[in-house]
Structures are given as C-alpha cells and as structure tokens.
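Colleague: Could you take me through how to read the packing of helices in a model, and then turn to its pockets?

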Amino acid sequence: MMYVGLFKRNNTQETSNQIKILYTTDIHGSDVIFKKFLNAGKIYKVNYLIIGGDIAGKSLTPIVDIGEGKYMIDDKIVGREGLKEITDEIRKQGNYYVIVDRKDLQEMKDDKRKVDEAFKTSMIEVVRNWSRIAEEKLKDVDIPLYVNLGNDDPLYLFDVIAESKVMRKCEGEVIHLGEHEMISFGYVNPTPWNTPREMSEEKIYEVLKQETKKISDMEKAIFNIHAPPYNTNLDSAPLLTPDLKPVIKGGEVVMSHVGSVSVRKVIEEEQPLLGLHGHIHESRGFDKLGRSLVLNPGSEHNEGILHAAYIILEKGKIKAHQFIIG
C-alpha cells in the first residue's frame, strides 16, 4: 500500500485511550475494494470501519446465453472460461452483469422497468454478499462496520444493510465512537446527473442543523457527510459544458468547486472535530475550516484501488491522519 498525507506518531506503544478509524467512500460496487478495506482494517487494528456512501455500482452489462456453453457480450462470443474472465473484470470495476437469453434481452430493451429490476437485484445481491464476506473476515475481531448511503444509492439498500449481522446503518442515528459522537448524511447538493439522493442547499442546511442538535459535545463530534464543503481542497471537479463534457483550456481540464455551500456553512457554525466526506472522486485532500479538520480520501473504484483515511483520535483530539492507497 502507498501512504499519502500527514502522519505523526510516537515510537511508544499505543495507549488504550486511542481510537483508530479507517474511512473509505465511493467504492461503487467493487468487491475488490471492499475486501481490501476489511483487510486494511485488520492490519491497522482499527477500532471502527466506516464507509461514507456511494456503495452502488454504476452500470449493468447484459450477457446473452446462446446455448452450448457459449455467451455473447457486445457481439463477442466466448466460452465459459472467457465468460469468467469478463465477469471478473466487470465486478473488479464495481459494475454488474446479468445473464439472459435473447428474449429477456429484447424485453429489457423494450421496457426500462426490466432494466431497473435487474439493477435492483444485482445491487441487493452484491451488498448481501459483502455482508457475508465481512462476517467471515471480521469474525475473529471486534471491529464495527458502519455503512452509509450516498447520492448514487437507492434507499432500499438501507433495508439490505439492516439485514446484516455486521453492517450497521448510521444515517439518522448518533453513533458513539468511544467518547466521540458521529452523525451521518448522504444527500448532496444538486448535480448535472440527477442522482437518487439530491437536495437543495436550503434543505441540506435545514436537515443538518436538526442533526447537529443530537450532538452533546460538538468539540469531539464527527460529521460523516457525503458532500464535501464548498471551496476547499475536497471539492474540485472538472468544469462541464451544457452537454456534460469537460471544459478544456490551454490543453488542460478546467476545474471548479462543486461541493455544498450548506455543508460548509454548518461546519463553520458548529465546528466539529472532524468531517469525513467523499462524492468528488478526483479531489483527495484535507483542509481546515476553523478548528475542524475535513478530509476526502478520493476514489478510483473502476480500477479496484482502495482509497482510505486512517485517523487516530486521542484524548478528544486528532492525533494523526493519513491517506492510504492500495
């Protein structure tokens, strides 16, 4: 694994009052990243694992069973061995596939509801499989796994998380991480893609202010908010044309700040200890808003690369933080 960012620690043995957190986000259906995340949590002997949102994959590939052990994918015909290679690569990228016959394929082309049903089935199966993987990998350690949804995640995935023996839903709850209280919120300010969980800035501010009332000690609070605060090191994304293509000037992509004004305002007003964010994959970084440290580990979900933040809290303060890439 590669290590990026600020990391300070003593050579002395870690004391029992330290709280170690491993945080990732925007894994978008990747089995590879999910497994790496659990393994990293065990290697670093963390106290808590947190996934900040956008756990759903982004695309679904239909694979046509044409009989006699042959399959057609994008006009390419493969046997069972070739099928496994292709499906493994699809899942590595966090995307889904469905095996259908020609009739099923035509029905999917004719009826968008069929595609939506296949997406839903695939999403649910993957999250349930993650639960089984986590149950096996974490069976010998006491590490809670908190999972939130982001803007790309349909609400029914909360029900799937609730089924799990190891995954714990955190949105709408106050989660106690030792002496620290964490609130979570997965909605984001409006995007050009009209994703499932978007809100106006006015509504985001209203909801977040209500959530902050649940916190008893703001100096030790953790805000697990999917949208990054506006105009920070966490929210730079390519500026887009009206047809959603990157703006290029001088041969370089023009970047702009796309985070939430309301998230920034609430953090500046409330001054929590720590803000955990995501949403903008290409904007790995950390920043300070007053006394509040805010960070976004970034994402390369389509490459199967884990991006995470390792955070050590001690005596109500942030002792160290470090980005991990692997």
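Modeller: In this predicted model, the contact between α6 and α7 brings E201, E202, I204, Y205, L208, K209 and T212 of α6 against V261, S262, V263, K265, V266, E269 and E270 of α7. Sorted by class, that contact holds 6 nonpolar, 2 polar and 6 charged residues.

Colleague: How is the geometry of such a pair described, and at what angle do α6 and α7 pack?

Modeller: Two packed helices are described by the angle between their axes together with the distance between those axes. Here helix α6 (residues 201-212) and helix α7 (residues 261-270) pack at about 30°, and their axes are 8 Å apart. Angles under 35 degrees count as roughly parallel, and α6 and α7 are therefore roughly parallel to each other, with a right-handed crossing.

Colleague: At roughly what angle do the axes of α4 and α5 cross?

Modeller: The axes of helix α4 (residues 112-137) and helix α5 (residues 156-163) cross at roughly 25° and come within 10 Å, which makes α4 roughly parallel to α5. The crossing in which α4 passes α5 is right-handed. In this contact K120, M123, I124, V127 and R128 of α4 meet Y156, L157, V160, I161 and E163 of α5, and by class it has 7 nonpolar, no polar and 3 charged residues.

Colleague: Turning to the largest pocket, how many residues line it, and which lie nearest its centre?

Modeller: The largest pocket, with a volume of about 540 Å³, is lined by 25 residues, of which T191, P192, W193, H279 and I280 lie nearest its centre. Its lining comprises 10 nonpolar, 10 polar and 5 charged residues, and β13 (236-238) and β16 (255-257) each contribute at least two residues to it.

Key
Residues are numbered from 1 along each chain as its sequence is written. This is a predicted model: local features need pLDDT of at least 70, side-chain atom pairs count only at pLDDT 80 or more; totals for chains, interfaces and linings use all residues. Side-chain values use heavy atoms; hydrogens and water are left out. On a 1 Å grid over the protein atoms alone, a cavity is a set of points where a 1.4 Å probe fits but cannot get out, and a pocket is an open set with protein on both sides within 12 Å along at least five of seven lines; lining residues have an atom within 4 Å of a point. Grid points are joined across faces, edges and corners, and a volume is the space filled by probe spheres set on the points. Helices (H or I, at least four residues) and strands (E, at least two) are DSSP runs, numbered from the N terminus. Ala, Val, Leu, Ile, Met, Phe, Trp, Tyr, Cys and Pro count as nonpolar, Asp, Glu, Lys and Arg as charged, and the others, Gly among them, as polar. Axes are lines fitted to C-alpha atoms, for helices over the stretch in contact, and angles run from 0 to 180 degrees between N-to-C directions. Angles under 35 degrees count as roughly parallel, over 145 as roughly antiparallel, 65 to 115 as roughly perpendicular and the rest as oblique. A crossing is left-handed if the near helix is turned anticlockwise from the far one by less than a right angle, and right-handed if clockwise. Contact means heavy atoms within 4.5 Å.
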